[in-house]
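Please examine the sequence and the model shown below.

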Amino acid sequence: MTDQQAVRALTRRQLLARASAAGATLVVGAGFVAAPDAAWALETTALKPETFATLVQMARDIYPHDRVGTEYYAVAVKGYDSAEAAPMVEAGVAALDAAARGHGFASYLGTGWESDRVAILRGIEDSPFFQTVRGGLVTGLYNQKALWPLFGYEGESYSKGGYLHRGFDDIAWL
Amino acid sequence: MAAKFDKTDDSVVVIIGTGAGGGVLANELAQKGVKVVALEAGGRYLPEDYINDEWESFGQLAWTDPRTTSGDWRVARDFPALPAWIVKAVGGTTTHWAGASLRFQDHEWKGKTTYGPVQGANLLDWPIDAAEMEPWYDLAEKKLGVTRTNGLPGLPGNNNYKVFEAGALALGYKEVSTGRMAINSVERDGRVSCQQTGFCFQGCKWGAKWSSAYTDIPRGEETGNLEVRDRSHAARILHDATGKVTGVEYFDAEGTLQMQKARIVCVAGNSFESPRLLLNSASSMFPDGLANSSGQVGRNYMRHMTGSVYATFEKPVRMWRGTTMAGIIRDEARHDPSRGFVGGYEFETLSLGLPFMAAFLDPGGWGREFTSALDAYETMAGMWIVGEDMPQETNRVTLNHDVTDQHGLPVVDVHFDDHPNDRAMRAHAYAQGRAIYEAVGATRTFPTPPYPSTHNLGTNRMSENPRDGVVNRWGQTHDVSNLFVSDGSQFTTGAAENPTLTIVALAIRQADHIAREMSARTI
C-alpha cells in the first residue's frame, strides 16, 4: 500500500463529526486530521492534530504547487509524527505560532492569507526547525512518484524500452 | 576465470580502486600477464542491478561515507557533508559518468607557460605533452568506443540538445555537436547502442555507455591474472625499512582488518580517497604521510569551474528523455584572455529528473520563486558548464581527526575557495548560457550553482621536479619507486575537458610502463 493509499483508506464516515477548520486541513477530533472536503484523512499518533495540521500548512507554504493536493504535503511530513520527532516538532510549531502572534495573528493557522504566512516564515527561515522541515520536504515531497505526473515527469523508461522510438527527439516548436 | 591470490603473495600489484584509473590499469596489467589484486571499497553492481530512480540509485551507488567541507565554495554551504558525487562500487565513477570523452587541447598540458603568472594560482606545466599522449588517447578512444572517432557515428540529438543547438547556432557558435561520447552509437564490443533511456548518471541499464564495471573488470578477470576484492576498504599502505611499500591493510566486507602483500601498489581511489590513504599511511619514516616529502599530497585540489543554466520555455522540452549529456558547444573552450580569464570552458547539455531538480536547482530555495520553476519542469532545457579551474595550494584535502568513518579512520576535510579566475569564467559562462536559451525564446533562465563535485582532480599532482608535486611523468611517486598514483589526483592542471578519457589514457600508458619496468626488474 502506498502512502497515498494509506491516507485515503479512511472513509468520510470517520471524519465528519466535530471537525474544525485548520488551514488546508481539518482537525477531526482527537488524533485525526482531514481534508476540508473529506477526500483524505490521517491519524496522528505522537503529534497533536493541530500541530500536524500546522505542519502540513507550513509544508505547502514552503513549496506551494497549486495543482498538488494537500495529501501529498501530509505524506511528506507524516514522518514527523513519531515519538522521536514529536518534541522537536511541537517546539518548532509552538515557535511558529509565537512568530504568528508577533505578526498580530492568533496562530499560524489563524492567518488566513498565504502572504501573511510567507512573511512569518521569512522571519524564521534561518531557524533549525524551518531548515529541517524544508530540507526534509525536498525528498519527502518531490520524491513521491505519484506526484511526478503532475509535473509532466515520466520517471524511468527502461521498462518501456527507453525513448528511442518514443519521442526522445520529438520537439516540434523550435 | 577470476584469479585468487594468497594474501602473502608479494609478487602481485595491488590496485586500490576500480574506476577509470584503477579498473583500466587492472585489466591492462592483467592482459600483459601481470598478477593483480584490486581492492574496491564498494560492492559489485551490473546493469541489471542499476536503478532508474535518482534517490534510490544514489543510495545504491554514491560514496556517502562521512566527509567534511570548508572554504567559500557554495557546495560547503549547500551540501556540507557531500563535497563530491562519486561512486563507491566496482567500476567506480565510470558507472555514474556521463560519457563525454574529450582530449585535452594541446596548450592545456602547459598551463603555466600558456597562461603565465596568475596571482594566487599554483600553476605548473605537465611533464608530458599532447604529442606524447596522442597514441594513448588513440588507444583510450578505441577502448571506450568514443563516437566521432575511428569512424563511429555521433549519437542522435534529443530534445534537450535540439534546443541547445538552436540557441548556440543563433548566437553564432560553430563547434556544436552531439559530441564525442563513450556511449555506443552502434552496436559494438558486445554492447547495444544507446536506447535514449535517460538516467545515464544512475548506471546504464543497457550497458551502452562504457563503464569499467562490465568491460575492463570482467575482461581482466578472464585472463586469470586479476582478482577483484569488493567491499574491501584500504586503510593503510605499509612499507619496509628501505622505504619501499610492501603491502596494503584493508577492512574486508566483515570489517576485519586484512593485509595483502604487494610488489607494487597503485592508488586509484579518486582525489579524496587517494591522498587520504597516503596521509593515513604516515609512519615514523614518513611522518607527513607517504610520498609527501614535497608537502603537496592533498594540495591543489581542482574540481573544474562548474555551474548549470536551466531555462523554461512556452512549450514542452522534456529534457529528461534520452542521453543525459547529449551535446556540446566547444567555442568557449579556447584560451582567450580578452574574455577576462585564462583557460576555457565547455557547454554540455544536462538534465535532472524532478527529484534531483528539486534538490539542485537552487539549494535552500523555497517559496513561489522556486516552485514556479518546478511547475514549468516539463518545459525546461538544461546545460552544464565545465571549465578549467586554477590549482591553488590552499585548496586541499586534509585529514579531519575529529570525524572518523565506520572503520575508525579519520575522514577528509575538503577545503575549496574559488579563484577569481574561476569566478570570472563562471560569470562569463552563465551570461553566455542565458543568451543561448534566450535566443530560442526562453521565458526564464536560472543560474544553478555547482553540484557536489564530480570531477575531482589534482591532489597528488604530476610534476617534473619532486619539489612541486607528488608523482612523476609515469604517475610513480617521486619518493617511493614502487608506489604509483593512477587516477585523476595526478592531474597537474584540470584543462577544460571532462577528465575520464585522460584518466583512461594515462592508465593505459602507466600499465605499459609498469609492465616494462617489472620485466626489466627496475621496480
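The model is predicted: local features need pLDDT of at least 70, side-chain atom pairs count only at pLDDT 80 or more, and totals for chains, interfaces and linings use all residues. Residues are numbered from 1 along each chain as its sequence is written, while chains are lettered from A and ligands numbered from 1 in the order in which they are written.

The C-alpha trace of chain B spans about 70 × 50 × 45 Å along its principal axes. Of the 523 residues in chain B, 59% are buried; a residue is buried if 20 or more other C-beta atoms lie within 10 Å of its own, exposed if 12 or fewer, and partly exposed in between, with C-beta atoms placed from the backbone. Among the contacts in chain B with a separation of 6 or more, 75% join residues 24 or more positions apart; two residues are in contact if their C-beta atoms, placed from the backbone, lie within 7 Å. The secondary structure of chain B consists of twelve helices and 17 strands, where helices (H or I, at least four residues) and strands (E, at least two) are DSSP runs numbered from the N terminus.

Two annotated spans come from UniProt, whose positions are given in the numbering used here, with feature names shortened and annotations that may be inferred rather than shown by experiment. An unreviewed entry places "domain: Glucose-methanol-choline oxidoreductase N-terminal" at residues 88-305 of chain B. That span, residues 88-305 of chain B, is 23% helix and 14% strand, and its end C-alpha atoms lie 24 Å apart. The UniProt feature "domain: Glucose-methanol-choline oxidoreductase C-terminal" (unreviewed entry) is at residues 391-507 of chain B. Residues 391-507 of chain B are 23% helix and 20% strand, with end C-alpha atoms 22 Å apart.

Which strands form the open sheet of chain B? Six strands take part, in the order S4-S11-S12-S13-S10-S16, and the pairing is antiparallel; two strands pair if DSSP finds at least two bridges between them. Strand S4 (176-177) and strand S16 (444-448) of chain B are the edge strands, each pairing on one side only. S4(B) is joined to S11(B) by two antiparallel bridges, and B:Val176 stands opposite B:Ile329 in S11(B).

Strand S13 (residues 380-387) of chain B has eight of its eight residues buried, so it is largely enclosed by the rest of the structure. In a regular strand the side chains alternate between the two faces of the sheet. B:Met380, B:Gly382, B:Trp384 and B:Val386 point one way from S13(B), whereas B:Ala381, B:Met383, B:Ile385 and B:Gly387 point the other way, and all are buried. Antiparallel pairing links S13(B) to S10(B) over eight bridges, with B:Met380 in S13(B) as the bridge partner of B:Thr312. S13(B) also pairs in the antiparallel sense with strand S12 (residues 345-349) of chain B over five bridges, where B:Thr349 stands opposite B:Met383.

Two loop residues have positive phi values. B:His304, which is not a glycine, has a phi of about 65 degrees and lies in the loop between helix H8 (270-280) and strand S10 (305-312) of chain B. B:His304 is buried, with 26 other C-beta atoms within 10 Å. For B:Arg318, also a residue other than glycine, phi is near 60 degrees. B:Arg318 lies in the loop between S10 and strand S11 (328-329) of chain B and is buried, with 24 other C-beta atoms within 10 Å.

Helix H2 (residues 54-61) of chain B has B:Glu54, B:Phe58, B:Gln60 and B:Leu61 buried. These residues cover an arc of only 160 degrees around the axis, which puts them on the same side of H2(B); the arc is that of the directions from the helix axis to the C-beta atoms. Helix H9 (354-360) of chain B is included in what covers them.

Finally, the contact between the chains takes 29 residues from chain A and 36 residues from chain B. Helix H6 (residues 128-140) of chain A gives the most to the side of chain A that touches chain B, with three residues.
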